[in-house]
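These are my notes from going through the model, entry by entry. I looked up pockets, helices, cores and a few single residues.

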Amino acid sequence: MGYKVAIAGATGNVGHEILDILAERAFPVSEVVALASTRSVGTEVSFGDKTLKVSALEHYDFSDTDICLMSAGGAVSKEWAPKIAAQGCVVIDNSSTWRMHPDVPLIVPEVNAAAVAGFSKMNIIANPNCSTAQLVVALKPLHERYGIKRVVVSTYQSVSGAGKEAMDELFNQTRGVFSAGEVAAKKFPKRIAFNLIPQIDVFMEDGFTKEEWKMMAETKKILDPKIKLTATCVRVPVFISHSESVNIECEKPVTAEEARELLRQAPGLLVIDKHEPGGYITPHEAAGEDATYISRIREDNTVENGLAFWCVSDNLRKGAALNAVQIAEVLVNRKLIKPRKQAA
């Protein structure tokens, strides 16, 4: 029993990853349709051992399509997600447009899969911000056991989170540094090569950036509105994978040893935590992997019931494409949708 699946934004970084992951995980498809803007019509993309030709999103009829995995940006999502959903196709959206809408579930399957059932109100399900997704996978088991009161997180986010142009900018600037050529900043407000930029997205009135606000608001919606969270988000000269330094304060006593065992058993997590040089995960090693990796687990004695750890994940996969496909798997496995062609 196969589902007709459309990928909107199929030519982008996340779109390519979605196609790869659907094939890797043998998602039950009857047909896969690659969609993008009119300027990309006819472009070829890969799906497993097949080649798909891209069609125009604005001319596509969704009346017999079951699921649309959208990764085409906020403006496109705002215009098209409701139109697609109105045709009976479930939209799983990667942009920030629908995340905080009260009638749209914001889902990380390892954390709040049951909330997917609320999709029927609008036929739209939101994927969280990439930095939020990996964080809540790590926080979930700890919150269930110890009750998290407060989180302080500093992120080290790769340039792929800002798209292909950002990756090209890091590559070109790095080449420019070594060849004494031009090091021009276009995508980012300052040079990113051999540098760090403590700004992701625009500044808000309170001095936090929108990326930092997203982490605060989304963690509350996904995990628990009572959790207090403060974030500092930093762009780093890494191509793929986001890293996070996380400090938590719990209601109940917690030891590093207990937390390590708890995290080892949790879905979606892999613990690599040896107290020796190299006994931890880095973004380079996490690239291309599905897991969220946890390292450097230790007790934080500056607060009562404190814990600190290091968290790394491929932002294009768990932070976007993989999470979207996992949401689709929840819809199928829980029999929340049926293939429309067979149902008819």
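**Second largest pocket.** I sorted the lining of the second largest pocket by class and got two nonpolar, two polar and six charged residues. The model is a predicted one. The space in this pocket comes to about 190 Å³. I listed its lining as Glu165, Asp168, Glu169, Asn172, Gln173, Glu182, Val183, Ala184, Lys186 and Lys187.

**Largest pocket.** I then turned to the largest pocket, which holds about 1,200 Å³ of space. Its lining has 46 residues, and Ser71, Ala72, Gly73, Gly74 and Gly161 are the closest to the centre. I checked which elements give two or more residues to this lining and found α1 (13-24), β2 (29-36), α2 (74-86), α5 (164-179), α6 (210-222) and α9 (317-333). By class I have 15 nonpolar, 21 polar and ten charged residues here.

**Helix α5.** I took α5 next, as one of the elements in that lining. The helix has 16 residues and runs 22 Å from first to last C-alpha, close to the 22 Å expected at 1.5 Å a residue. I noted Ala166, Met167, Glu169, Leu170, Gln173 and Gly176 as buried in α5. An α-helix has 3.6 residues a turn, so residues three or four places apart point the same way. The buried residues of α5 pack against α1. Just after α5, I found Ala180 with a positive phi of about 55°.

**Helix α1.** I followed the packing to α1. Its twelve residues should span 16 Å at 1.5 Å a residue, and the end C-alpha atoms lie 17 Å apart, so the two agree. In α1 I have Val14, Gly15, Glu17, Ile18, Leu19, Ile21 and Leu22 as buried. These buried residues pack against β1 (3-8), β2, β3 (44-47), β4 (50-53), β6 (67-70) and α9. Just after α1, Ala26 takes a positive phi of about 50°.

**Nonpolar cores.** I looked up the largest nonpolar core, which has 58 residues; Leu142, Ile248 and Phe309 touch the most other members. Helix α4 (residues 130-146) gives the largest share of this core, eight residues. A second, separate core has 38 residues, including Leu22, Ala36, Leu52 and Ile327. I went back to Ile248 and, setting aside residues up to four places away in sequence, found that it touches Leu139, Leu142, Ile148, Arg150, Val151, Asn305, Gly306, Leu307 and Phe309.

**Val90.** Is Val90 buried or exposed? I found a relative accessibility of 2%, so Val90 counts as buried. Val90 sits in strand β7 (residues 90-93). Apart from neighbours within four places in sequence, Val90 is in contact with Asp66, Ile67, Cys68, Phe119, Asn123, Ile125, Leu331 and Ile337. I also checked Val90 against Asn172: the two are 82 residues apart along the chain, and their C-alpha atoms are separated by 39 Å.

**Asn112.** I asked why Asn112 is classed as buried. Its relative accessible area is 11%, and buried means under 20%, so Asn112 falls in that class. Asn112 belongs to helix α3 (residues 109-112). Which residues does Asn112 contact, leaving aside its neighbours within four places in sequence? I have Leu106, Ile107 and Ile222.

Notes:
Residues numbered from 1 in each chain as written. Predicted model: local features only at pLDDT ≥ 70, side-chain atom pairs only at ≥ 80, totals over all residues. Heavy atoms only, no water. 1 Å grid on protein atoms, 1.4 Å probe; cavity = no way out; pocket = protein on both sides within 12 Å on 5 of 7 lines; lining within 4 Å. Points joined across faces, edges and corners; volume = space filled by probe spheres on them. Helix = DSSP H or I, 4+ residues; strand = E, 2+ residues; numbered from the N terminus. Nonpolar A, V, L, I, M, F, W, Y, C, P; charged D, E, K, R; others polar. Expected span 1.5 Å × (residues − 1). Buried < 20%, exposed > 50% of the residue type's maximum accessible area, 1.4 Å probe, protein only. Contact = heavy atoms within 4.5 Å. Core = buried A, V, L, I, M, F, W, Y, C linked by side-chain atoms within 4.5 Å.
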